[in-house]
Amino acid sequence: MFTAETWPIGANMLSFGSTTPDGTPTVEASSAVWASQLRQVKELGVDQIDPTDAWLPLAQLTDERVEEFRRVLDGEGLTLSSISMTRNSVVDVDSGEQNLADALRFIELAPSFGVSVVNTGFMQGLTPAQQQAIWFWLADGHVDDPALRDLAIERVRTLGDAARDQGIEVSLEMYEDTYVGTADEAVSFLKDVDHESVGLNPDLGNLVRLHREVEPWPDMFEKVLPHSNFWHIKNYSRDYDPATGAYSSAPMPLKYGYINYRTVIRQAVELGYSGPFCCEHYGSDSLGVIAENVHYIRQVLASVLA
């Protein structure tokens with residue numbers, strides 16, 4: 001059982017993007033560039049990261065570069081809390097098979113980094129309209145094809161089998177308009193997968209930011225927390241004006257947003273949640289907010305576990 005100080009809580013490296021300032025893909029960058037970015041996390045008092053493939057796709061590194069990355073991590077005094085795939089669905093009609101292969105590679109690598117869970121999901125690349133919006137969630141994005149749902153179940157079971165063989169787990173990230181796009185859909189999909197090594201990532205921040213009607217967050221968490229094994233955790237403001245039908249939302253630190261995470265984290269732990277947390281944030285000083293959120297979660301855990 002973890003303590004508040006030993007619980008795996010990582011900073012998502014998404015804020016650094018997939019390219020360096022000179023346009024070099026991070027996957028091709030020198031280890032000195034990796035070290036510089038990792039050092040910024042460590043300087044904020046955070047000692048774990050999630051190297052999302054939107055920053056550094058470990059599955060695309062040669063064995064030699066994987067070891068180079070491992071040396072950089074060690075040199076900066078950091079470890080991995082988890083490994084996440086972002087917008088690389090295993091049923092993408094163009095690259096689903098490659099994404100499946102990458103996911104299997106992540107699962108293969110995870111134990112050597114002390115990682116207990118690999119996160120994936122069915123969200124896909126941003127549309128042109130999303131790329132132009134001030135916040136990408138203000139424009140409609142990819143919608144999963146019901147005809148591919150059985151294939152999605154089959155491929156997630158393949159990942160579950162691989163994870164079980166490695167002694168780790170797979171987590172499915174909740175995201176709008178995908179097979180796990182609502183609490184009920186997520187629970188239903190997980191039950192159809194029916195694999196002991198596959199759980200849910202209750203990333204309800206992805207949903208409460210939407211400018212549309214969504215189920216109240218306490219109701220959603222009540223449904224999904226019993227099935228959760230990993231957690232992308234972030235918060236937003238959320239407002240709705242019934243007179244005009246207008247919604248508004250914006251990224252917020254965990255303790256200031258719409259979701260009461262002091263209540264939800266306590267609820268999760270009391271239900272037996274023991275998975276890692278991965279802190280995310282969009283806009284402003286994302287990394288600084290993430291660091292505040294890591295410390296906030298540890299304080300809440302200390303209270304829960306006391």
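Strand 5 (residues 117–120) is covered on both of its faces, with Val117 and Asn119 buried on one side and Val118 and Thr120 buried on the other; buried here means under 20% relative accessible area, exposed means over 50%, and partly exposed lies in between, with a 1.4 Å probe and protein chains only. Strands, like helices, are DSSP runs numbered from the N terminus, a strand (E) having at least two residues and a helix (H or I) at least four. The model is predicted, so that local features need pLDDT of at least 70 and side-chain atom pairs count only at pLDDT 80 or more, while totals for chains, interfaces and linings use all residues. Residues are numbered from 1 along each chain as its sequence is written, and side-chain values use heavy atoms, with hydrogens and water left out.

Strand 5 pairs in the parallel sense with strand 4 (residues 83–84) over two bridges, where two strands are said to pair if DSSP finds at least two bridges between them. Within this pairing, isoleucine 83 has valine 118 of strand 5 as its bridge partner. Between strand 4 and strand 5 the chain passes through helix 3 (residues 96–109), and this β-α-β crossover is right-handed, a term that applies if, with the strands pointing away from the viewer, the path from the first strand over the helix to the second runs clockwise. Strand 5 also pairs with strand 6 (residues 169–173), again in the parallel sense, over four bridges, and there valine 117 stands opposite glutamate 169.

An open sheet of five strands has the order 3-2-1-11-8, with parallel pairing. Its edges are strand 3 (79–80) and strand 8 (231–233), each of which has a single partner strand, so one side of each is left without a neighbour in the sheet. Helix 9 (residues 261–270) packs on the sheet and touches strand 8 and strand 11 (277–279), its direction making about 170 degrees with that of strand 8; such angles run from 0 to 180 degrees between N-to-C directions of axes, which are lines fitted to C-alpha atoms, for helices over the stretch in contact. Elsewhere in the sheet, two bridges join strand 1 (residues 9–12) to strand 2 (residues 48–50), and asparagine 12 has aspartate 50 as its bridge partner in strand 2.

Isoleucine 233 lies in strand 8 and counts as buried, because its relative accessibility is 0%. Leaving aside neighbours within four places in sequence, the contacts of isoleucine 233 include Tyr261, Ile265, Phe277, Cys278 and Cys279, contact meaning heavy atoms within 4.5 Å.

The structure holds zero disulfides, a disulfide being a pair of cysteine sulfur atoms within 2.5 Å. The sulfur of cysteine 279 is 6.9 Å from the closest cysteine sulfur, that of cysteine 278, which is too far for a bond. Cysteine 278 counts as buried at 0% relative accessibility, and cysteine 279 likewise counts as buried at 0%.

Most residues other than glycine have a negative phi. Aspartate 177, in the loop between strand 6 and helix 6 (183–193), has a positive phi, near 65 degrees, and is partly exposed, with a relative accessible area of 28%. Aspartate 194, in the loop between helix 6 and strand 7 (198–201), has a positive phi near 55 degrees and counts as exposed at 62% relative accessibility.
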